[in-house]
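Hi,

Here's the structure I promised to pass along.

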Amino acid sequence: TTNTGLNWGSVNQGTFRNIEEIEFVDNDYGYAVGDSGTVLKTTNGGINWLTLTPYTNAKLLDLEFINNYTGFIVDTNGITSKTTNGGITWSTSSLGSNWLSSICFVNDNTGYSAGIFERIQKTTNGGSTWFYVNSAAAPYSLNSISFADLNTGIAVGLQGRVLKTNNAGVNWTTLNLSISTNFNCIYFKDQNTGYICGDNGLVLQTTNSGNVWVIQTTNITRNLTSISFLNTNTGYITGQSGTLLLTTNAGNTWVNQVSSTVNDLNSVCRDPYGNVYIAGKYGNILKRSTGIINYFTVSGIARFADNNQPVTSGKVKAIKYDVITHQSVIVDSADIQSNGTYSLIKMPQDSLDIMAFQDDEEMAVFIPTYYTSTIFWKNSNTIYPNQNLTGIDINVIRNNTGIGAYKITGNVSTPS
């Protein structure tokens with residue numbers, strides 16, 4: 001359902017296999033993984049899900065996508081798989097571990113994975129190669145790993161195990177919390193504040209990057225599996241038998257919610273626009289639209305590149321280009337005013353190209369020009385609004401060819 005969060009509704013998931021993890025990169029692109037090599041993908045906000053061609057029969061336990069097309073999956077065979085084309089093809093690597101439970105990236109190049117025997121792996125080249133940063137064969141398994149910043153990371157696992165690094169994985173220290181309950185998920189919502197959830201309804205919070213942990217009240221005894229926060233105060237936790245907890249006060253209290261299922265819920269995530277997704281047993285995927293969609297304003301001046309005078313008419317459009325489907329989608333447009341100014345008022349948080357157009361009914365005074373001043377898409381300065389942007393000025397290229405009859409020639413061929 002999308003009634004601003006009053007209820008949860010199922011979306012068309014495309015499988016009845018158990019889903020272990022779900023993640024959304026933006027408002028449209030999302031991925032989910034689970035049993036028997038199941039990989040699901042949506043490009044329309046979960047309305048439809050495509051089952052990608054399996055590359056393994058292993059149970060897939062976690063995934064991390066750093067953009068719409070580049071992502072990583074870890075599985076019960078200890079294999080890390082990478083795609084750079086949205087799941088069409090995958091490359092694999094392994095250090096011989098029998099089980100990898102969790103993976104996270106702190107930037108495009110640096111990532112970590114954790115699993116059986118407390119082994120932790122790291123990459124510094126975008127997943128091309130991996131190496132151990134904690135290879136001791138301890139008798140415990142790690143279920144989840146998360147980093148608060150580039151240097152501070154925590155991994156949690158069975159029987160209350162907590163490992164922490166303050167130097168980007170060079171050294172790991174075991175924290176003694178005097179708790180023997182299994183920890184299933186670690187989640188940092190900012191550099192200081194993090195949460196752990198585990199069996200028997202256990203939830204812990206830290207406000208100092210993991211140095212001290214405080215137990216929070218949940219009033220339930222079911223095992224908890226996953227955590228995600230929408231903002232500073234609002235967060236969700238999933239668990240067994242359809243368990244869904246909500247906090248609206250940064251975790252001081254957690255309230256049991258109706259999730260519309262009695263099946264185990266294994267994963268919860270949010271997209272950058274505030275929509276929340278939950279996935280679990282038998283392929284259940286639930287969606288809740290919070291109504292928290294962040295739009296920003298982008299403004300500037302369109303001028304002629306040859307004399308710096310303002311353009312007096314036309315339009316500016318924001319374009320999202322899909323490199324896989326080769327489709328251009330206009331996400332917002334605005335008129336160029338008589339003084340050359342424009343203002344795009346509904347700009348999503350996404351990679352966008354800005355282009356100035358002449359009105360169709362007018363004589364072509366200038367050529368369609370990308371920001372900052374090019375007619376070639378590949379040379380466009382792509383913007384990514386995460387706040388209101390000003391000074392996005394476009395220097396349009398004047399049409400000096402005049403009016404006449406012209407021809408375009410080329411070749412059409414099939415791919416080799």
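Strands here are DSSP E runs of at least two residues, numbered from the N terminus, and two of them pair if DSSP finds at least two bridges between them. C104 sits opposite Y112 of β11.

Before I go on: this is a predicted model, so local features need pLDDT of at least 70 and side-chain atom pairs count only at pLDDT 80 or more, while totals for chains, interfaces and linings use all residues. Numbering starts from 1 along each chain as its sequence is written, and side-chain values use heavy atoms, with hydrogens and water left out.

Back to the sheet. It is open, with four antiparallel strands in the order β10-β11-β12-β13. β10 (100-105) and β13 (131-134) are the edge strands with a single partner each, so one side of each has no neighbour in the sheet.

Next, Q205, which lies in strand β20 (residues 203-206). Its relative accessibility is 14%, so Q205 counts as buried (under 20% relative accessible area; exposed is over 50%, partly exposed in between; 1.4 Å probe, protein chains only). Leaving aside neighbours within four places in sequence, Q205 has contacts (heavy atoms within 4.5 Å) that include Y195, W213 and A250.

Cheers
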